[in-house]
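Please read the points below with the sequence and the model open side by side. They are meant for someone who has not looked at this structure before.

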Amino acid sequence: MTESARPEVSLLAPAKNEQQNLPQLFAEIREAMQQQNRSWELLVVDDGSTDDSWRMIAEQARSDPRFRGIRLRRNFGKAAALAAGVAEVHGRLLVTLDADLQDDPAEIPRLLDELDGAEPADLVSGYKAQRQDPLGKRLPSKVFNWITGLITGLKLADHNCGLKAARTEVYQRVPLYGELHRYIPALAHQLGYRVRELAVHHRPRVHGKSNYGLERYVRGALDLLTVVTLTRYGRRPAHLFGGLGLLAGTIGTLVLLYLSGVWLFTDQSIGTRPLLTLGILLEIFAVQMVSLGLLAELVLHRTGRHHDVDVLVSDHTTTGDRAQSG
């Protein structure tokens, strides 16, 4: 695709079994983007749908060149669908939204205006001020947002809103796998990008059902550990592994000093004490952690990753047109 033919705005919508919602989604996006004096495209990623979603995406792509679609061979999850879409979009700006119609496309112009406003942002995350979901989803979400803000240092009311607008380079820089799509604002913030939140209209789901169950909270909690590692220790792994090693080594040393005192100054035997085994294991663990931290630092040095300084840029290289429609 030539530079002049590239749209300014790319809209990216992961979809799984949303055949009842897609016609309205297409119509509302077309209506919302008519308010914008910007060229645009919509890329729908079919994340392993088993209904007629792909047929509808392909038919829309054939009838309007602004609509495109890519199809994953099976259901890989939202993060993988977003990553596949980010690799194929052409716009300087990127808007993500869910295909279930709970995210209102009418909010897209407001999000885009925030990116290039008087105080420009690099990523604007929607905030579902009046969330139209059952209590069983709202309460865990509040706990999730509070914990995420506490750990990552980015205080947002809604870290996981599907409706976001950003400069495309932001999505090209943040890692997208597992459940890390829930932490896109926090990861972008860690990279130095300016993150803002904007209250948006949220709608109840009318057709279909949620593709995510309670297990997502378990996966999300585990990926929060990944986020902490990436954001706090990504460029200084020796501080993480070495810190754990020093803590274990200190406890192990205190344990062994205590047992040495018992052996020297009393007639009690320490050879069969479980505490002796614990002390030795802690010392072994400490040596392993410190060694692992030093090896990680050597890897960073040899690969040059420690020179990978994150800066804000105004332009980026986009990928070629490899998506197939229809």
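1. A crossing of two helices is called left-handed if the near helix is turned anticlockwise from the far one by less than a right angle, and right-handed if clockwise. Helices (H or I, at least four residues) and strands (E, at least two) are DSSP runs, numbered from the N terminus.

2. The model is predicted, so local features need pLDDT of at least 70 and side-chain atom pairs count only at pLDDT 80 or more, while totals for chains, interfaces and linings use all residues. Residues are numbered from 1 along each chain as its sequence is written, and side-chain values use heavy atoms, with hydrogens and water left out.

3. Overall make-up. The chain holds 10 helices and seven strands. It has 326 residues, and 45% of them count as buried (under 20% relative accessible area; exposed is over 50% and partly exposed in between, with a 1.4 Å probe and protein chains only). Its accessible surface is about 16,800 Å², and carbon and sulfur atoms own 58% of that; the areas come from the Shrake-Rupley method with a 1.4 Å probe, and for residues only the protein chains shown count as cover. Among contacts (heavy atoms within 4.5 Å) with a separation of 6 or more, 81% join residues 24 or more positions apart.

4. The pair α1 and α2. Helix α1 covers residues 22-33 and helix α2 residues 53-63; they pack at an angle of about 35°, and their axes are 10 Å apart. Axes here are lines fitted to C-alpha atoms, for helices over the stretch in contact, and angles run from 0 to 180 degrees between N-to-C directions. On the α1 side the contact uses L22, P23, F26 and R30, which meet S53, M56, I57 and Q60 of α2. By class, this contact has five nonpolar residues, two polar and one charged. Ala, Val, Leu, Ile, Met, Phe, Trp, Tyr, Cys and Pro count as nonpolar, Asp, Glu, Lys and Arg as charged, and the others, Gly among them, as polar.

5. What does the buried part of α2 pack against? Its buried residues are S53, W54, M56, I57, A58, Q60 and A61. They pack against α1, β2 (40-46) and β3 (67-71).

6. The pair α9 and α10. Helix α9 (residues 237-265) packs with helix α10 (residues 274-303) at an angle of about 160°, the axes being 7 Å apart. The two are therefore roughly antiparallel (over 145 degrees; under 35 is roughly parallel, 65 to 115 roughly perpendicular and the rest oblique). The crossing of α9 and α10 is left-handed. Their contact comprises 21 nonpolar, seven polar and two charged residues.

7. Most residues other than glycine have a negative phi. N17, in the loop between β1 (9-15) and α1, has a positive phi near 55°. L101, in the loop between β4 (93-96) and α4 (108-115), also has a positive phi, near 75°. N17 counts as partly exposed because its relative accessibility is 26%; L101 counts as buried because its value is 7%.

8. Is L97 buried or exposed? L97 is in the loop between β4 and α4, and with a relative accessible area of 0% it is buried. Leaving aside neighbours within four places in sequence, its contacts are L12, A13, P14, L25, I29, D103, P105, G162 and L163. L97 and A15 are 82 residues apart in sequence, yet their C-alpha atoms are 9.7 Å apart.

9. Other pairs to locate. A27 is in helix α1, and its C-alpha atom is 9.6 Å from that of P105, 78 residues away along the chain. A27 counts as partly exposed, at 41% relative accessibility. L191 sits in the loop between α7 (184-190) and β7 (195-200) and counts as buried at 12%. R173, in helix α6 (residues 168-173), is partly exposed at 34%; its C-alpha atom and that of L187, 14 residues apart along the chain, are separated by 9.1 Å.
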